[in-house]
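Dear colleague,

Please find the structure below, together with its sequence. My notes on it follow directly after.

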Amino acid sequence: SQLPGWSVRPNGSIVIATGNDDALGVYTCTPYNSYGTAGKSQPTRVLLKDPPTFTVRPKEEYFQEVGRELVIPCVAHGDPPPTVTWLKVGSAGKSGAQVDANSSLIFRPLVKEQHGVWQCTAANPVASVSTTTSVHVLGTSPHAVTNVSVLPLLLAANISWEPGFDGGYFQRFSVWYTPLVKHLPRAHRDWVSLSVPVGAQHLLVENLQPDMSYQFSVLAQNKLGSGPFSQIVTSVPRGFPVTTVPPELPAMTMRVFLSPPQALTANETVRGVLLQWEPPAQFSVALSGYALELRQDKGGWEVLDRSIPSTKTQVLVPGLIKDAFYEFRLVAFAGSYISDPSNTVNVSTAGMEVYPSRTQLPELLPQPVLAGVIGGICFLSVAVIFSTVAACIMNRQRAARIQKRRQDPPLVFSP
């Protein structure tokens with residue numbers, strides 16, 4: 001007899017709309033027609049299995065300081081027991097994270113690159129279910145802006161973007177641009193930067209030359225430094241119409257591929273710190289050189305050397321301050337293109353033998369200490385001059401008195 005929700009199809013298959021304990025058991029199928037039957041089929045057993053369900057879900061988002069530990073739970077059960085895996089959305093692998101025996105995701109320590117959306121998946125032979133959570137890493141420089149677009153206008157261009165995560169601090173933006181077609185050869189330092197008003201996510205760049213290609217990029221900064229440059233977008237501003245109005249062409253946009261320098265490493269030598277790297281893997285035109293950037297004790301990034309030849313794959317940095325912490329990174333230039341920064345290498349001069357040189361590193365002496373030294377030298381110089389002048393005046397007065405005594409007639413006493 002059939003139960004509610006059960007049915008038999010014309011081909012002989014049985015359909016059970018809702019699986020429950022009534023469906024458990026052993027089944028056989030007996031085909032027949034007007035001549036009879038050839039017998040029953042082999043028996044088959046119906047078993048009920050549970051799909052995975054989450055008993056402990058991660059929260060929608062987590063906020064944690066960089067360098068600290070973060071544990072995100074994710075527990076599921078089912079029949080058979082499911083396997084729980086973690087994946088960073090949009091990235092291959094777990095980006096240095098670990099999964100413990102309880103299926104919890106562990107960041108020890110938490111780094112900037114682990115910021116983003118993470119997905120927990122529980123799967124068994126019955127089904128697979130997933131849930132996501134957002135990890136916000138605080139205390140870092142900003143992340144790169146995304147979805148940069150350029151709208152060509154009459155002798156101008158409107159640049160818009162979507163901000164990346166601010167690292168937990170207020171961030172500001174600047175738009176960088178440079179002409180692609182140049183009458184005179186120029187280096188990468190001819191990029192022009194424009195500050196963006198607070199709170200804005202777009203900027204109108206005016207006074208551009210018509211029918212000339214320009215490159216645009218957006219940079220985010222906060223109190224800890226600059227984030228990476230956005231992808232470079234190329235566009236051509238519109239010029240004034242001539243006698244006839246030609247049909248308006250679609251905006252010319254082009255993605256530029258110039259990968260950053262690779263495998264930057266730092267090694268201590270007797271003459272200083274030797275930085276070595278490999279050239280970019282992809283570039284559209286011949287490399288024109290590299291620029292070395294430095295920051296000291298988590299300060300702001302500064303350009304240490306902007307004229308490293310493209311043929312070099314190493315540079316020596318002497319003159320570092322003792323007992324300080326440095327970070328170095330490289331950017332590459334190919335024609336007018338500028339790459340994203342390379343990986344960052346850390347150099348600690350604690351206990352290193354430091355050699356003086358002419359290399360000008362930022363903030364060799366703190367400004368208050370330098371001002372005190374100069375003031376002390378000036379005061380000592382003035383005191384020496386004043387003492388010398390006073391001694392000269394006193395010597396002259398004494399000499400005058402002795403001379404006067406010699407010139408006076410002797411006194412004669414008579415009886």
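C74 and C120 are both buried, where buried means under 20% relative accessible area, exposed over 50%, and partly exposed in between (1.4 Å probe, protein chains only). The two cysteines form a disulfide with their sulfur atoms 2.0 Å apart; the criterion is a pair of cysteine sulfur atoms within 2.5 Å. A search of the whole structure gives 1 disulfide. The torsion about the S-S bond of C74 and C120 is about -90 degrees, so the disulfide is left-handed. C74 lies in the loop between β9 and β10 (75–79) and C120 in strand β14, so the pair ties together parts that are 46 residues apart in sequence. Helices (H or I, at least four residues) and strands (E, at least two) are DSSP runs, numbered from the N terminus. Two further cysteines, C29 and C392, count as partly exposed, at 42% relative accessibility for C29 and 42% for C392.

Please note that this is a predicted model: local features need pLDDT of at least 70, side-chain atom pairs count only at pLDDT 80 or more, and totals for chains, interfaces and linings use all residues. Residues are numbered from 1 along each chain as its sequence is written, and side-chain values use heavy atoms, with hydrogens and water left out.

Strand β14 (residues 116–123) also holds W118, which is buried at 0% relative accessibility. A polar atom of the W118 side chain lies 3.0 Å from the backbone oxygen of Q114. Between W118 and K88 the C-alpha to C-alpha distance is 4.4 Å, although 30 residues separate them in sequence.

Strand β9 belongs to an open sheet of 3 strands in the order β9-β13-β12, with antiparallel pairing; two strands pair if DSSP finds at least two bridges between them. β9 (70–72) and β12 (98–99) stand at the edges with a single partner strand each, so one side of each has no neighbour in the sheet. β12 is joined to β13 (residues 105–107) by 2 bridges, and Q98 has I106 in β13 as its bridge partner.

As to aromatic residues, the whole structure contains 9 aromatic pairs. Rings of Phe, Tyr and Trp (its six-membered ring) pair if their centres lie within 6.5 Å; planes under 30 degrees apart count as stacked, over 60 as edge-to-face and the rest as tilted. The Y177 and Y214 rings have centres 6.3 Å apart and planes at 50 degrees, so this pair is tilted. Y177 lies in strand β18 (residues 172–179) and Y214 in strand β21 (residues 214–222), so the pair ties together parts 37 residues apart in sequence. For Y214 and F216 the centres are 6.3 Å apart and the planes at 35 degrees, so that pair is tilted. Y177, Y214 and F216 form one aromatic cluster; Y177 and Y214 are both buried, and F216 is buried too.

The largest nonpolar core has 22 residues, of which L275, L292 and F328 touch the most other members. Such a core is a set of buried Ala, Val, Leu, Ile, Met, Phe, Trp, Tyr and Cys residues joined through side-chain atoms within 4.5 Å. Its largest share, 5 residues, comes from β30. Apart from it lies another core of 20 residues, among them F173, V196, Y214 and V218.

Strand β30 also contains E327, which is buried with a relative accessible area of 5%. The side chain of E327 makes a polar contact with that of R295 (2.8 Å); a polar contact is a pair of N or O atoms within 3.5 Å, where within protein one must be able to donate a hydrogen and the other to accept it, and residues adjacent in sequence count only if both atoms are side-chain atoms.

Yours sincerely
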